[in-house]
Amino acid sequence: MKKYVRWSKGTFSFPLLILFVATSVSITKVEGQSAEVLIQEVEGAASYSTGGSWQPLTKYMKLREGAVIRTAADASVDLLLQASGTALRLTPGSTLRFDKLGQERAGEQVISDTLLTLLSGGVAGTQRKLSAPSRFEIQTSTGVATIVGTEYYVRADGAVTVVSGAVSLHFNKPHNGGSVKATVQAGFSFDPATGQVVPTTPAYLQNIVAHIITTKHNAQVFKVGGATLVVKPEKELSPSKGQGGGGDDQGGNDNGNDNGKGKGNGNGKGKGKGKGP
């Protein structure tokens with residue numbers, strides 16, 4: 001099965017496939033140790049801290065639990081969380097902290113427990129479906145987003161956009177206005193300004209689609225110990241409509257026409273200027 005990414009000026013095809021060449025058990029290291037974060041690519045100026053001063057972040061560097069990375073206003077960082085099989089892109093002007101990167105062996109399974117805090121900016125992700133009781137959560141100043149298996153974009157202000165799958169979130173309204181629990185399906189976004197789940201606009205999807213495509217490429221094939229993980233997106237990714245249909249994609253919604261004019265070129269370097277969900 002093939003995956004097509006439709007743009008107003010052409011079609012790109014990315015055939016991908018989920019499989020494990022070796023058993024998934026091989027991704028486990030010594031029980032009780034934190035998993036590693038592999039820095040796959042650094043574009044522009046980025047740095048990291050492990051509790052002291054900030055140091056330049058470089059390609060192929062490995063970080064552990066407690067590390068913080070940040071990007072300059074024109075920089076991005078692509079990284080892989082090996083235990084959970086997650087590809088992330090930290091977008092320009094962002095700061096991300098790795099609070100918990102737990103992993104342990106449970107019979108033939110590897111249980112991962114991942115907690116990240118997005119302090120500023122935004123992060124795009126491609127997450128393979130996790131089996132319970134594995135956990136993957138991204139905290140912001142306004143709440144927490146729980147990721148099970150999806151493609152998504154999360155902002156530090158609490159906005160969540162889902163391209164495939166679904167994300168559960170708990171959002172705390174400002175000024176002690178209470179809290180909101182919601183599930184964001186493919187083709188929809190959570191708007192922190194209104195506390196509502198709304199259809200993703202074509203303009204906003206155009207703005208983030210290059211980041212999502214980059215995470216697809218990063219997750220396409222990467223080594224996890226003795227295993228090779230290849231991720232296959234099942235649905236269409238378009239600047240004008242979300243993904244819906246079978247599998248994990250629920251509630252997909254066609255919410256616009258193919259009139260996006262963003263500058264994304266399919267390699268993660270686009271700089272669209274959508275104004276939000």
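View 1. Asp 74 counts as exposed because its relative accessibility is 59%. (Exposed means over 50% relative accessible area, buried under 20%, and partly exposed in between, with a 1.4 Å probe and protein chains only.) This is a predicted model: local features need pLDDT of at least 70, side-chain atom pairs count only at pLDDT 80 or more, and totals for chains, interfaces and linings use all residues. Residues are numbered from 1 along each chain as its sequence is written, and side-chain values use heavy atoms, leaving out hydrogens and water. Asp 74 sits in the loop between strand 8 and strand 9 (76-81). (Strands are DSSP runs of E, at least two residues; helices are runs of H or I, at least four residues; both are numbered from the N terminus.) Beyond its neighbours within four places in sequence, Asp 74 is in contact with Glu 43 and Pro 92; contact means heavy atoms within 4.5 Å. From Asp 74 to Ala 46, the C-alpha distance is 9.6 Å, across 28 residues of sequence.

**View 2. Tyr 60, a loop residue with positive phi.** Look for Tyr 60 in the loop between strand 6 and strand 7 (62-63). Its phi is near 75°, a positive value in a residue other than glycine. Tyr 60 is exposed, with a relative accessible area of 57%.

View 3. Two strands pair if DSSP finds at least two bridges between them. In a regular strand, side chains alternate between the two faces of the sheet.

**View 4. Strand 11 and its partners.** Strand 11 (residues 95-106) pairs with strand 12 (residues 109-120) in the antiparallel sense, over eleven bridges. Ala 106 has Gln 109 of strand 12 as its bridge partner. Gly 102 is bridged to Asp 113, also in strand 12. Strand 8 (residues 68-71) pairs with strand 11 too, again antiparallel, over three bridges. Here Arg 70 stands opposite Thr 95 in strand 11.

**View 5. The largest cavity.** The structure holds five cavities of 30 Å³ or more. The largest contains about 70 Å³ of space. (On a 1 Å grid over the protein atoms alone, a cavity is a set of points where a 1.4 Å probe fits but cannot get out; lining residues have an atom within 4 Å of a point. Points are joined across faces, edges and corners, and the volume is the space filled by probe spheres set on them.) Strand 14 (135-140), strand 15 (143-147) and strand 18 (166-172) each give two or more residues to the lining of the largest cavity. Among the lining residues are Ile 138, Val 144, Leu 169, His 170 and Phe 171. By class, the lining has seven nonpolar, five polar and no charged residues. (Ala, Val, Leu, Ile, Met, Phe, Trp, Tyr, Cys and Pro count as nonpolar; Asp, Glu, Lys and Arg as charged; the others, Gly among them, as polar.)

**View 6. The whole chain.** Of its 277 residues, 53% count as buried.

Terms used:
1 Å grid on protein atoms, 1.4 Å probe; cavity = no way out; pocket = protein on both sides within 12 Å on 5 of 7 lines; lining within 4 Å.
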